[in-house]
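Visitor: I would like to go through this structure with you, one question at a time. Could you begin with the terms that we shall need?

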Amino acid sequence: MPPGQGSAASASSADFSDITRTAASLRRFLHGLPGVDQVGAEARAASLGTRSIKTTAKAFAIDLAIRMVDLTTLEGQDTPGKVRALAAKAMHPDPADPSCPMTAAVCVYPDMVASAKQVLGDSGVNVAAVATAFPSGRAALDIKLADTRDAVEAGADEIDMVIDRGAFLAGHYKQVFDEIVAVREACGSAHLKVIFETGELQTYDNVRRASWLAMMAGGHFIKTSTGKVQPAATLPVTMVMLEAVRDFREQTGQMVGVKPAGGIRTTKDAIKYLVMVNEVAGQDWLDPDWFRFGASTLLNDLLMQRTKMKTGRYSGPDYFTLD
Amino acid sequence: MSRIDVRKTYKLYIGGAFPRSESGHSYVVNDTKGTFVANAALASRKDARDAVTAARKAFTGWSGRTAYNRAQILYRVAEIMEDRRPQFVQAVVQSEGLASAKAERVVDEAIDRLVWYAGWADKITQVVGGANPVAGPFFNLSTPEPTGVVAVLAPQESSLLGLVSVVAPAIVTGNTVVVVSSYERPLPAVTFSEVLATSDVPGGVVNILTGSAATIGPWLASHMDVNALDLTGIAGDTALATDLEVAAAENLKRVRRAPAAEPDWTADPGTDAMTAFLETKTVWHPIGV
Amino acid sequence: MADKNVVSTSSTTGVFEYAPAPESRSIVDIKPSYGLFINGEFVDGHGPGSGAFKTINPATEEVLAEVAEASDADVDKAVKAARKAYDKVWGRMPGRDRAKYLYRIARIIQERGRELAVLESLDNGKPIKESRDVDVPTVAAHFFYYAGWADKLEYSGFGSTPLGVAGQVIPWNFPLLMLAWKIAPALACGNTVVLKPAETTPLTALLFAEICQQADLPPGVVNIVTGAGDTGRALVSHPDVDKVAFTGSTDVGRAIAKAVAGTDKKVTLELGGKAANIVFDDAPIDQAVEGIVNGIFFNQGHVCCAGSRLLVQESVAEEVLDRLKRRMSTLRVGDPLDKNTDIGAINSAEQLARIRELSDIGEAEGAGRWSPACDLPSNGFWFPPTIFTGVSQAHRIAREEIFGPVLSVLTFRTPSEAVEKANNTPYGLSAGVWTDKGSRILHMANQLRAGVVWANTFNKFDPTSPFGGYKESGYGREGGRHGLEGYLR
């Protein structure tokens with residue numbers, strides 16, 4: 001799908017200019033958001049996880065989940081060869097079944113974007129690049145912006161940035177806000193996902209605040225984690241973020257996407273997330289334009305389950321490619 | 001020609017696994033008639049050190065479980081023991097020289113003791129805790145919490161019932177334990193540890209060192225990461241008990257002193273064995289709009 | 001077999017439709033007819049007429065089984081069996097042995113958990129998700145908890161002498177759970193029991209009787225006499241019953257209290273409620289909405305402690321209601337055996353009629369009525385989750401217990417007004433408080449005249465936690481150490 005489409009206009013920052021004008025006003029707004037009760041939130045997420053998704057619903061969910069995967073490799077040992085193999089897999093996940101849909105995107109480090117682009121071309125699978133001194137975010141702003149521009153120039157359709165968690169936890173919300181705004185600008189027409197690293201933010205209250213902060217700053221997507229820190233994505237954390245995007249649209253008319261990343265390994269997990277999207281944010285988010293899975297091993301499990309639904313037999317890892 | 005039996009090697013139980021002593025040492029265990037039974041691992045100070053590490057590691061998880069969950073697990077231990085009743089009877093006959101019928105009663109009592117303690121997990125808080133009516137607009141609540149890692153010198157004579165009676169009260173409330181078993185009668189303890197390993201008890205909650213209380217005791221008593229000490233196993237040895245209590249004072253361990261003689265284990269235990277290893281936390285909170 | 005008549009209430013139009021996910025019925029083996037369980041075996045009933053009545057599945061109106069009706073003579077026989085078992089076996093049995101029987105029962109309940117859950121959903125109408133995840137596990141836990149008290153009564157603070165024979169009458173809303181709340185503490189303390197389940201939900205009690213047999217429970221310790229109002233009356237007024245325990249309506253509770261006057265019978269009553277669920281402006285709002293939904297729609301609102309009055313602070317009322325309506329639109333009403341069903345069937349035609357009547361009154365009195373769009377099946381007893389806004393204390397739907405999925409919404413301005421309105425009722429079973437401020441939680445808890453106060457949560461039950469009411473919601477407590485008091489002298 002082509003990048004930069006949809007409601008990319010920055011109407012939101014105009015709506016919130018009073019709130020984001022000063023550090024004090026931004027802090028007051030964020031601290032004035034309703035709290036999240038941990039026990040209640042986790043209970044609701046767990047309850048949604050007991051939904052039983054079978055037969056036609058399961059088949060629908062599996063195909064949708066495949067289409068939502070940002071197939072990811074973010075390793076120090078990545079090479080062009082590795083990235084090209086991954087890109088090929090993204091376009092044809094199941095060599096035995098051409099009817100299997102493509103994934104949404106491939107997610108790589110900025111210096112691997114070109115290799116991915118070579119293979120993906122205009123197939124419709126996007127290239128997402130992490131940037132801004134991923135995963136730690138600990139670098140000067142101009143370096144983070146250069147990192148971003150580099151990825152965009154190489155052809156990235158989407159940029160997954162990390163927020164400065166140190167600044168956030170120290171209460172320097174305005175600084176975090178301004179950085180997101182700057183990165184958004186450096187993205188040009190590429191879509192921006194903002195990674196919170198929820199494992200480091202620890203409380204659901206912080207996740208709610210980070211969500212509003214990122215949305216007001218113009219992020220197209222809010223994302224849970226880098227996948228390098230435990231815990232990464234969880235159902236309740238994602239639920240709080242889905243509530244935030246739902247409330248944001250209620251207030252501004254604008255949609256923002258959600259991406260849980262890291263730790264989602266099985267089809268069963270992925271389906272729980274889709275149920276949560278369905279019942280918390282609503283059907284409009286059940287689309288790769290508005291919901292993604294940041295994952296690597298998940299894809300093969302989705303393929304195995306898809307195959308089982310078609311053949312009626314449990315499958316095995318030998319029948320799916322390891323790239 | 002009678003069948004040649006496959007004889008068991010008796011090892012330590014640390015962190016959910018069954019290692020030999022790091023020292024490589026073992027010692028001879030005879031039955032009450034003096035006949036050779038086995039070479040049991042002779043625990044060293046390093047084994048004790050490792051056991052304390054394992055117990056500490058297991059503490060957060062074990063004390064963080066619901067009381068109901070701990071009760072279920074202890075009840076499961078009793079179920080598995082019941083299932084292996086003949087094996088335990090034989091172990092007690094061999095170790096303590098009791099007649100079969102008497103040994104059966106001892107094993108039954110040990111299983112029932114475990115069931116009794118299992119039922120305390122979700123009740124002790126209601127019996128020793130409670131709200132306090134302070135003279136001010138404050139909510140005030142006292143609740144018991146497990147103290148941490150407890151080093152236990154298990155009784156020398158009652159190698160199964162006595163053992164259960166010092167281990168269960170410590171762990172049912174959430175503590176983890178390092179146990180030095182009876183020196184001359186260690187085998188029921190080892191069989192007991194095999195039951196623990198197959199009863200959903202997380203590794204490290206109970207660690208059993210076969211060996212000498214006189215050798216290992218001082219290392220546990222002086223260990224700065226042990227929170228409490230149960231000296232039941234050196235009943236009557238006033239000199240050693242005093243030394244250990246002095247060593248324990250270095251980090252103010254809670255000490256359950258050695259009795260003059262090994263008690264009658266069939267008597268009602270009361271709640272002391274549990275409360276000895278509980279802290280009381282009292283929380284205040286204002287009441288107002 | 002999935003009921004093809006039921007459809008989701010979800011407002012999403014067709015994109016992610018949940019396919020039917022039926023729990024199989026094959027695990028239950030419902031007999032065509034059941035006798036009474038007296039002295040360890042099933043025997044015929046001799047009630048008036050045919051001596052039997054039918055129990056149906058409220059979701060489909062299919063007849064599940066024929067159940068014996070106990071006459072006065074049957075009740076007498078059961079009490080005699082209980083007395084004999086008390087005198088000769090159970091009353092003198094060491095606590096540790098009683099404990100073991102109760103542990104066995106708890107274990108078997110766990111082992112047969114799915115079977116019990118399916119049977120409960122068939123007979124009661126509640127969703128399998130609830131009977132499987134809430135009712136049955138709590139039942140097992142209740143037996144485990146009280147098993148552990150049997151040999152520790154000297155630590156209870158209430159003595160360690162049992163009363164004798166307990167006559168127990170339970171309602172249809174949580175059939176097996178109410179049975180556990182009655183039988184577990186009674187037996188742990190050394191009493192024997194004669195229990196009458198509700199006439200619309202006898203089947204899990206009868207399966208429990210089989211479980212008692214599997215556990216080799218001595219005959220006569222537990223007796224189950226099925227029947228309706230007459231059987232219950234005969235039981236509670238039987239001269240050889242030492243203790244009466246009743247859960248049900250305040251009206252019947254009042255009649256029981258009068259009937260035992262002047263006797264030596266100890267009595268505990270757990271009656272109706274009209275709980276206030278109070279939401280302050282600083283509540284964690286998404287969890288508060290969950291708490292409101294859970295408070296009144298869990299178990300179809302057939303809950304004595306249901307949060308049936310929402311008291312929302314006026315400054316956030318509109319926002320809370322908008323979110324509540326949006327949340328209600330994702331509730332799935334339908335086949336109780338479908339694992340995705342949130343709201344099941346109303347337990348009986350009578351109850352449905354009552355709910356409808358009071359709802360019509362609510363409308364007539366001027367309250368604003370709202371339900372999400374629902375496709376309800378044509379047979380069975382169904383009522384959509386419903387809220388009434390603009391309700392005031394004077395409205396009947398603010399005062400009378402509806403016992404269905406119907407929420408009355410009132411507003412308040414200040415904490416003291418919330419307290420006043422919450423307490424302004426003859427009932428006093430439970431209350432909910434939603435706020436982020438700790439001191440306010442404790443202040444409200446202090447002021448609310450209710451036996452159970454839930455802060456930032458609702459409808460939470462645990463065997464260790466005492467449950468019971470103030471005022472006309474009854475007296476006595478079930479659960480926890482306090483739950484022993486009613487069964488000891």
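Guide: A residue is called buried if 20 or more other C-beta atoms lie within 10 Å of its own, exposed if 12 or fewer do, and partly exposed in between, with C-beta atoms placed from the backbone. This is a predicted model, in which local features need pLDDT of at least 70 and side-chain atom pairs count only at pLDDT 80 or more, while totals for chains, interfaces and linings use all residues. Residues are numbered from 1 along each chain as its sequence is written, and chains are lettered from A and ligands numbered from 1 in the order in which they are written.

Visitor: Which residues are buried in α2(B)?

Guide: Helices are DSSP runs of H or I with at least four residues, strands are runs of E with at least two, and both are numbered from the N terminus. What covers the buried residues of α2(B) includes α3 (85-96), α4 (100-118), α6 (161-172) and α7 (187-197) of chain B, together with α2 (95-111) and α4 (128-147) of chain C; contact here means C-beta atoms, placed from the backbone, within 7 Å. The buried residues are Arg70(B), Ala71(B), Gln72(B), Ile73(B), Leu74(B), Tyr75(B), Val77(B), Ala78(B) and Met81(B).

Visitor: How far apart are the end C-alpha atoms of helix α2 of chain B?

Guide: The expected span of a helix is 1.5 Å times one less than its number of residues. The helix covers residues 67-83, so its 17 residues should span 24 Å, and this agrees with the distance between its end C-alpha atoms, 24 Å.

Visitor: Which are the edge strands of the sheet in chain A?

Guide: The open sheet has 8 strands with parallel pairing, in the order β7-β6-β5-β4-β3-β2-β1-β8 (chain A), where two strands pair if DSSP finds at least two bridges between them. Pairing on one side only marks the edge strands, which are β7 (257-259) and β8 (293-295) of chain A.

Visitor: What is the mean pLDDT of chain A?

Guide: pLDDT is the predictor's confidence in each residue, from 0 to 100. Over residues 1-14 of chain A it stays under 50, although 96% of the residues of chain A reach 70 or more, and the mean is 94.

Visitor: What percentage of the residues of chain A count as buried?

Guide: Chain A contains 15 helices and 8 strands. Of its 323 residues, the share that counts as buried is 55%.

Terms used
Two residues are in contact if their C-beta atoms, placed from the backbone, lie within 7 Å.
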